[in-house]
Amino acid sequence: HLSFYTFDIEKKSKKLLFEEKYPTWVEFHEQVWFLKDNSFLIIHPLDGWWNIYKFDQSTKSLRQLTKFNWRVNDILRVDENKNRILFTGTGENKLDNYLYSMRLDGSELKNLTKEEGTHRPDLSPGGSFFIDTWSNLQTPRSMSISSTDGKKIRDLGALPDANKIAGIRTEYFTVPSGDGFDLPVVWSLPSDFEAGKAAGKLYPVIFSIYGGPDAGTLRNTYRDLSNDKLLNQGVILLSTDHRASGKFGKKGLDYMHRNLGKWEINDYTAVAEWLIKQPFIDTAHIAIEGGSYGGYITALALTKSPHAFTHGMSFAPVIDWTLYDNVYTERYMDTPQDNPEGYKKGSVLNYTDQLKGKLYIVHGSADDNVHMQNTFHLIEKLQLTGKQFEMMIYPNVRHGWGGARANHLNNLELDWWNKQNFIAKKPAPKS
């Protein structure tokens, strides 16, 4: 329940403008654009998708300016003199990002960046021009200058396609969740994939995930993987987003109310089970890795879905939601007193006896976001249930770090995957 007020500083009195109420939760308004008449614009999923709304001071009402079944990401500029709003949004493909313009009443919508993929526009101070940095999964980054009237002025250059030169292919597809969601998946395939698949070669897979409400990571953007050592030794690198990642609007998000962890594992497991059915996958080497919320999901996947995930590297994991800060947790979960079953089902500690695969835990001792207490609870429970694991502690570092320790961690990761035999397997000789 979120209320918008106007406050009179001299009279020290407030007046209610409007309210938002959801049966699940409301999000904070991080962006409010004020107009000259004290009307203002906000982005919010009041109709199920993130659209632009205007609170009109003359009518004291909220009016919807856009009615998309996709997401408005950001308002970049409001120009009342030109009667124009410049904003970014995904368009129909929820992995994309485009620059749009429209009039202040929502009419005359124009897409100013038409190439399919992810556009990162940088507006000039006056808003008449923008530098567009663009790429997609198959096309390396390029830059150009265009006017906000929609005319390209000059190409500034593009990077070479290092993946194509290396023979690496990145693809997008969907996997059904089993209950109505087509889960987006992006994977990168080794250079010998087609020939190896035809010859009966088996390829291990590493999921890189995050999870969490409205925290999707998939973008239709280029990644130079030509020097990735795991990919070059035959590992398929895969990322996927779950139903509550933001790719399916507020409807998908609402599944997470009082249920953190449940639907991410459901959806990631559905993708893993799809992989297991593919004849070219090494089903003894389906791994998952992630940090922070992704570390939580990794630990939960290894313990709650041990039939699907065989290995995991968990970085700075939340282990039990009673150990995390309440401003985040209780927005989605309510309090432990109100939702004891949800907290119980979302705790990794209640599934440790099911661990079958190989789990590696990494944490910084001075982590002031996800406290080290989480990992201590997990390793104690693993010890008490007789489960083996590996662990690396980085003293005096917080939730993220760089420098020599980052190099140490990168080498540790690669060494561990190699020790776990993450390399494409040649087909067994015919008897």
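Modeller: In the residue classes, Ala, Val, Leu, Ile, Met, Phe, Trp, Tyr, Cys and Pro count as nonpolar, Asp, Glu, Lys and Arg as charged, and the others, Gly among them, as polar. The model is predicted, with local features needing pLDDT of at least 70 and side-chain atom pairs pLDDT 80 or more, whereas totals for chains, interfaces and linings use all residues. Residues are numbered from 1 along each chain as its sequence is written, and side-chain values use heavy atoms, without hydrogens and water.

Biologist: How do the residues lining the second largest pocket divide into nonpolar, polar and charged?

Modeller: A pocket is, on a 1 Å grid over the protein atoms alone, an open set of points with protein on both sides within 12 Å along at least five of seven lines, whereas a cavity is a set where a 1.4 Å probe fits but cannot get out, and lining residues have an atom within 4 Å of a point. The second largest pocket holds about 440 Å³ of space, a volume being the space filled by probe spheres set on points joined across faces, edges and corners. Its lining has 15 residues, with Phe-28, Glu-30, Trp-50, Arg-71 and Asp-214 nearest the centre. By class, that lining comprises five nonpolar, four polar and six charged residues.

Biologist: Which element gives the most residues to the lining of the second largest pocket?

Modeller: Helices (H or I, at least four residues) and strands (E, at least two) are DSSP runs numbered from the N terminus. Among the 15 residues that line this pocket are Trp-50 and Arg-71, and the elements that supply two or more of the lining residues are strand 4 and strand 7 (72–79). With three residues, the element giving the most is strand 7.

Biologist: What is the relative accessible area of Leu-76?

Modeller: Leu-76 has its place in strand 7, and its C-alpha atom is separated by 20 Å from that of Asp-56, which is 20 residues away along the chain. Buried means under 20% relative accessible area and exposed over 50%, with partly exposed in between (1.4 Å probe, protein chains only). Leu-76 counts as partly exposed, its relative accessible area being 26%.

Biologist: Which element gives the most to the lining of the largest pocket?

Modeller: The largest pocket has a volume of about 640 Å³, and its lining of 27 residues, with Ser-208, Arg-223, Leu-225, Asp-228 and Leu-237 nearest the centre, divides into 12 nonpolar, nine polar and six charged. At least two lining residues come from each of strand 16 (182–189), strand 17 (203–208), helix 3 (229–232), strand 18 (236–240) and helix 10 (403–419). The greatest share, five residues, comes from helix 10.

Biologist: Which residue of strand 5 is the bridge partner of Leu-41?

Modeller: Two strands pair if DSSP finds at least two bridges between them, and four strands here form an open antiparallel sheet in the order 3-4-5-6. Strand 3 (32–34) and strand 6 (61–64) each have a single partner strand, so one side of each is left without a neighbour in the sheet. Strand 4 (residues 40–44) and strand 5 (residues 51–56) are joined by five bridges, and in strand 5 the partner of Leu-41 is Lys-54.
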